[in-house]
Amino acid sequence: MERRTGLLFLSFSCLILLSFSGSVDAYKNYTVGDSLGWYDTTVKSNVNYRKWAAGKNFSLGDFLIFNTDNNHSVVQTYNFTTYKLCDYDNSVDNDTVEWSSANPSNTLTQGVTVAVPLLKEGPTYFFSGDYDGEQCDNGQHFKITVSHGKGLPDSLKDPSDQAPAPNAVDYDSTPDTAVPFDINNPHEQDTDVKKDSGSISLYGKFLNMKLHGILLLLGIVYMF
């Protein structure tokens, strides 16, 4: 009787442990600056993007959402020198992207929202390159570190990385132009809340495996 009671307690403990383990993290949207948006200190004096980024866990597949206007640009770079100079004019294409181009001569200011996917692990830098770096010098810049997390979802992967290897390489042929991957669709979810439909199905499968293990354990218990 004591043996059975002990095993029942063990099985119940396993059930509790399994229910709290193995949760699946989904991809996340981060609104840069939260309610303050993406502006320099001459427009909003209390912005501090380095403070905003501190303590957040950014992963591959996450999106940064920039709420700004057409007089402030969004530049992403992996080059520290470009970031420190607040100047991307001499940058190369594979390390710097201008996601939103500002128009300083435009007298009609319009609000814009720019969604930037995180596609590469490691340090990533953001700044506004408008007015010869003046906005960047006035606080519109920050650095983040991107971890691997779950890795990139298929929708953000470069199709050339997923294509099967050919049986033979024809060096005389012209390679096909790669179809751009999907970078225009941030995850449809509340900001800073993880709700990925794929994670739901994965978690369902995981729970199903848990239940099978628990039933097997209980069956062993009652055999004794």
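The model is predicted. The protein chain has a mean pLDDT of 74, and 58% of its residues reach 70 or more.

**Confidence along the chain**

- Among the elements of the protein chain, strand β2 (residues 58-59) has the highest mean pLDDT, at 98.
- The lowest mean pLDDT among these elements, 39, belongs to helix α1 (residues 2-20).
- The pLDDT is also below 50 over residues 168-180, a stretch with 2 contacts in the model beyond near neighbours in sequence.
- Residues 193-204 likewise have pLDDT below 50, and for this stretch the model contains 22 contacts beyond near neighbours in sequence.

**Cys86**

- Cys86 lies in the loop that runs between α3 (80-85) and β5 (96-100).
- Cys86 counts as buried because its relative accessibility is 6%, and the cut-off for buried is under 20%.

**Tyr131**

- The loop between β7 (122-127) and α4 (134-137) contains Tyr131.
- With a relative accessible area of 38%, Tyr131 is classed as partly exposed, because that class lies between the limits of 20% and 50%.

Conventions. Residues numbered from 1 in each chain as written. Predicted model: local features only at pLDDT ≥ 70, side-chain atom pairs only at ≥ 80, totals over all residues. Heavy atoms only, no water. Helix = DSSP H or I, 4+ residues; strand = E, 2+ residues; numbered from the N terminus. Buried < 20%, exposed > 50% of the residue type's maximum accessible area, 1.4 Å probe, protein only. pLDDT = per-residue confidence, 0-100. Contact = heavy atoms within 4.5 Å.
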